[in-house]
Amino acid sequence: GSEYREVMEAIARAGEAHYRQLTERTDGFLDYFYEATPVREIGLMNIGSRPSHRKAGDRSKGSVRAISWVFAWGQSRHALPAWFGIGSALAAWVQADEGDTRKLQQLREMYARWPFFRTLLSNAQMALAKTDLGQAGEYAELCENPEVGQRVFGLIRDEFRRARELILAVANSDALLAETPALAFSLNGRNAYLDPLNAIQVGLLKRIRQLPVEGQTDSPWMEPLLRSINAIAAGMRNTG
């Protein structure tokens with residue numbers, strides 16, 4: 001009913017605010033995106049009909065095409081656009097009245113009775129399950145400024161843990177995807193293939209980025225890097 005929609009609108013506003021705080025108002029965030037993901041190298045691939053950037057060399061969120069934004073975060077195992085902000089939004093709602101558990105009970109009721117809300121949190125669970133903080137942390141070390149890499153990765157890691165904790169509390173579950181064990185098993189099985197691919201990709205990115213920009217495209221490491229991008233996309237079963 002309308003009460004559920006009002007709750008959802010409040011959560012959505014809080015989630016968007018937190019997402020924008022990270023992506024638009026956090027110093028060094030865009031450098032993190034361009035350095036801790038292979039977005040620049042994705043631009044060399046023929047994905048879709050348009051280039052990954054509207055303006056080459058423009059490090060701004062508005063310059064990145066939506067497909068490249070999601071694709072790059074998926075490659076580096078952050079999958080950030082699919083879940084960032086939801087943990088803080090749910091936490092803010094639940095903790096608005098300290099010591100009052102009725103807010104959590106209300107969300108559990110919405111989860112049980114409102115298919116839209118249940119699907120939203122189920123999709124977020126899948127994105128969290130595809131996220132691998134261990135692998136993401138390896139990509140974070142590609143940042144040219146280690147302070148930026150550690151600080152931004154810390155914000156992402158904290159929000160990941162918050163999202164997992166709050167979503168599991170609302171779903172009254174003790175593990176991600178507990179309600180879809182076949183999907184959980186499938187995603188878990190893919191990690192055996194994805195983890196070495198991610199390690200290879202990080203190593204190739206380090207080698208290529210040590211070269212002067214004009215020599216990167218012709219580097220013998222570029223073809224295996226582009227293959228690693230294709231392989232990880234296939235392993236993730238989608239582009240993010």
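## Around Thr 26

Leave out residues up to four places away in sequence, and Thr 26 touches Gln 21, Arg 151, Val 152 and Leu 155. This is a predicted model, so everything here is read from computed coordinates. Thr 26 sits in the loop between α1 (2-25) and α2. With 16% relative accessibility, Thr 26 counts as buried, because the cut-off is under 20%.

## Aromatic pairs

How many aromatic pairs does the structure hold? There are eleven. Take Phe 33 and Trp 73: their ring centres are 5.1 Å apart with 40 degrees between the planes, which makes the pair tilted. Phe 33 belongs to helix α2 (residues 29-35) and Trp 73 to helix α4 (residues 66-75), so this pair ties together parts that are 40 residues apart in sequence. Both ends are out of the solvent: Phe 33 counts as buried at 0% relative accessibility, and Trp 73 counts as buried at 0% as well.

Then there's Trp 83 with Phe 160. Here the centres are 5.6 Å apart and the planes stand at 80 degrees, so the pair is edge-to-face. Trp 83 is in the loop between α4 and α5 (86-94), while Phe 160 is in helix α9 (residues 146-171), so the link joins parts that are 77 residues apart in sequence. Trp 83 counts as buried at 1% relative accessibility, and Phe 160 does so at 5%.

Which charged residues lie over the face of a Trp ring? Lys 103 is over Trp 93, at 4.2 Å from the ring centre. Arg 207 is over Trp 221, at 4.4 Å from the ring centre.

In soluble globular proteins, nonpolar side chains tend to be buried together. In this model the largest nonpolar core has 67 residues, and those with the most contacts inside it are Tyr 32, Trp 83, Leu 90, Leu 107 and Phe 117. Helix α9 supplies the largest share of this core, ten residues.

Setting aside neighbours within four places in sequence, Leu 90 is in contact with Ile 11, Leu 107, Phe 117, Leu 121, Leu 166 and Ile 167.

## Helix α7 and Leu 121

Helix α7 (residues 115-130) has 16 residues, which at 1.5 Å a residue should span 22 Å; the end C-alpha atoms are 22 Å apart, so the two agree. Its buried residues are Phe 117, Leu 121, Ala 124, Gln 125, Ala 127, Leu 128 and Lys 130. What do they pack against? The partners are α1, α5, α6 (102-113), α9, α10 (181-209) and α12 (222-236).

Leu 121 is one of the residues of α7, and at 0% relative accessibility Leu 121 counts as buried. Beyond its neighbours within four places in sequence, Leu 121 is in contact with Ile 86, Leu 90, Tyr 111, Ile 167 and Val 170. Glu 138, on the other hand, is 17 residues from Leu 121 in sequence and 27 Å away in space, C-alpha to C-alpha.

Notes: Residues numbered from 1 in each chain as written. Predicted model: local features only at pLDDT ≥ 70, side-chain atom pairs only at ≥ 80, totals over all residues. Heavy atoms only, no water. Phe/Tyr/Trp six-rings, centres within 6.5 Å; stacked < 30°, edge-to-face > 60°. Helix = DSSP H or I, 4+ residues; strand = E, 2+ residues; numbered from the N terminus. Buried < 20%, exposed > 50% of the residue type's maximum accessible area, 1.4 Å probe, protein only. Lys NZ or Arg CZ within 6 Å of the ring centre and 35° of its normal. Contact = heavy atoms within 4.5 Å. Core = buried A, V, L, I, M, F, W, Y, C linked by side-chain atoms within 4.5 Å. Expected span 1.5 Å × (residues − 1).
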